[in-house]
Amino acid sequence: MRPHSVDELANLAIDASAGRRLVVLIDGRSGAGKTTLAIDLGRALRRLGWPVQIVSLDDVYPGWHGLATAAAAVPQMLAPVDAGYRRYDWAQGRPADWVHLDPTAPIIIEGAGALTPTSAPRATLRVWVDGAEAVRRQAVVSRDGPVDDWWDDWSAQENAHIEADNPIALADVVTRSGVGF
């Protein structure tokens, strides 16, 4: 099944879990719609009776050079015990509190770097979201304001992640911003 709506994606996620813990990893480039998709999917799953946790890697990246660090934190978020992550305080520019996660509850983890060869086997559904750079950049500018100070550095980290981890090949579902969801 190729889902065409968030409700179809929710049903696909439930079917893919097949009695295991439902774990959805949503990866993609900045501005592609990962966070929006995670929130919408979370709502759809909750409507179907699945009390899903949602983690955004935006809370984990240790600054604008931290994509690889956050990617490396995903397996701890999915650990069978002591699941969680160290939140990063962007305003203070330093690590903050430990966020505990329920290691048995359904979970969606979204963010650039979520889908790697290490994290993929732990997921029941893997999603890659992308889009044209101009569209993605405009979405980010609309959300965050000017991006000139960090866009190129972040894009280089995304490219390194794609080259090293090949998240597109690891994905069960590949979609583009504004298409299908």
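**Reading the features**

Modeller: Let us begin with a loop: Asp82 is found between helix H3 (67-77) and strand E3 (84-89). Helices (H or I, at least four residues) and strands (E, at least two) are DSSP runs, numbered from the N terminus. This is a predicted model, in which local features need pLDDT of at least 70 and side-chain atom pairs count only at pLDDT 80 or more, while totals for chains, interfaces and linings use all residues. Residues are numbered from 1 along each chain as its sequence is written, and side-chain values use heavy atoms, with hydrogens and water left out.

Colleague: What is the phi of Asp82?

Modeller: Phi of Asp82 is near 55 degrees, a positive value in a residue other than glycine. Another case is Asn166, not a glycine either, with a positive phi of about 45 degrees. Asn166 is placed in the loop between helix H5 (151-165) and helix H6 (167-170).

Colleague: Is Asp82 buried or exposed?

Modeller: Buried means under 20% relative accessible area, exposed over 50%, and partly exposed in between (1.4 Å probe, protein chains only). Asp82 has 62% relative accessibility and therefore counts as exposed. Asn166, at 40%, counts as partly exposed.

Colleague: Which strands are joined to E6 by bridges?

Modeller: Two strands pair if DSSP finds at least two bridges between them. Strand E1 (residues 23-28) runs parallel to E6 and is joined to it by 5 bridges; Leu25 stands opposite Arg126 in E6. Strand E7 (residues 173-176) also runs parallel to E6, with 4 bridges, and Val174 in E7 is the bridge partner of Trp128.

Colleague: Which residues does Glu158 touch?

Modeller: Contact means heavy atoms within 4.5 Å. Not counting residues up to four places away in sequence, Glu158 touches Gly28, Arg29, Ser30, Leu67, Ala112 and Arg136. Glu158 lies in helix H5 and counts as buried because its relative accessible area is 2%.

Colleague: Where is Gly93 found?

Modeller: Gly93 is in the loop between E3 and strand E4 (94-100). The C-alpha atoms of Gly93 and Gly63 are separated by 7.2 Å, although the two residues are 30 residues apart along the chain.
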